[in-house]
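Hello,

Here is the structure for you to look over.

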Amino acid sequence: MRRRAKAVALAFGLVLTSCAGPNLWTDGTSVSTGLSSHGRLRRPAKLELTGSGFSVGERWKTRGFQYGTEELVSALGRAAKTVRGGAKKATLGIADLSPQRGGKSKWHSSHQSGRDVDLIFYSVDEQGKPLAPRRTT
């Protein structure tokens, strides 16, 4: 019996150590590894191109950098929707998040792990009316 228990413990230990790596034990949601300037993204969430209170500008749509952790993508949607609730025409401009699998790009030294995002903040005219997001480079 003791021999059998040792064999089971050894087998279990081998299974645990052979399959596991840093950040691989998850609940099945997105995983961000490394630094924002030297990292990767697994099972990313994709930000929609438009939503309640936000839009992704044309320049950024074509790059395809709409991927981030599920927490970041859902936080952006919630924040934009909340602000839109108070000012019906307020629109948050969202630019780059990360490429689908993270990693380097020619546009950013960060944005590699799905945890950072470029935002084009809200602005108003002289009468206090919300303006559409300004295009930036």
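Predicted model: local features only at pLDDT ≥ 70, side-chain atom pairs only at ≥ 80, totals over all residues.

Aromatic pair. The count is 1 aromatic pair. Phe-65 and Trp-107 form it, edge-to-face. An angle over 60 degrees is what makes it edge-to-face. Phe-65 sits in the loop between α2 (58–63) and β6 (67–68), and Trp-107 in the loop between β7 (92–94) and β8 (119–120), so the pair ties together parts that are 42 residues apart in sequence. Phe-65 is buried, at 6% relative accessibility. Trp-107 is partly exposed, at 38%.

Charge over a ring. The charged end of Arg-59 sits over the ring of Trp-60. The distance to the ring centre is 5.9 Å.

Backbone. Most residues other than glycine have a negative phi. Arg-43 is not a glycine, yet its phi is positive, at about 50°. Arg-43 belongs to the loop between β2 (38–42) and β3 (45–46). Its relative accessible area is 42%, which means partly exposed.

Asp-96 is in the loop between β7 and β8. Its relative accessible area is 0%, so Asp-96 counts as buried. What does its side chain join in a polar contact of 2.7 Å? The partner is the side chain of His-108. Leaving aside neighbours within four places in sequence, Asp-96 is in contact with several residues, among them Trp-60, Arg-63, Phe-65, His-111 and Asp-116.

Best wishes

Notes
Residues numbered from 1 in each chain as written. Heavy atoms only, no water. Phe/Tyr/Trp six-rings, centres within 6.5 Å; stacked < 30°, edge-to-face > 60°. Helix = DSSP H or I, 4+ residues; strand = E, 2+ residues; numbered from the N terminus. Buried < 20%, exposed > 50% of the residue type's maximum accessible area, 1.4 Å probe, protein only. Lys NZ or Arg CZ within 6 Å of the ring centre and 35° of its normal. Polar contact = N/O pair within 3.5 Å; in protein donor to acceptor, adjacent residues only side chain to side chain. Contact = heavy atoms within 4.5 Å.
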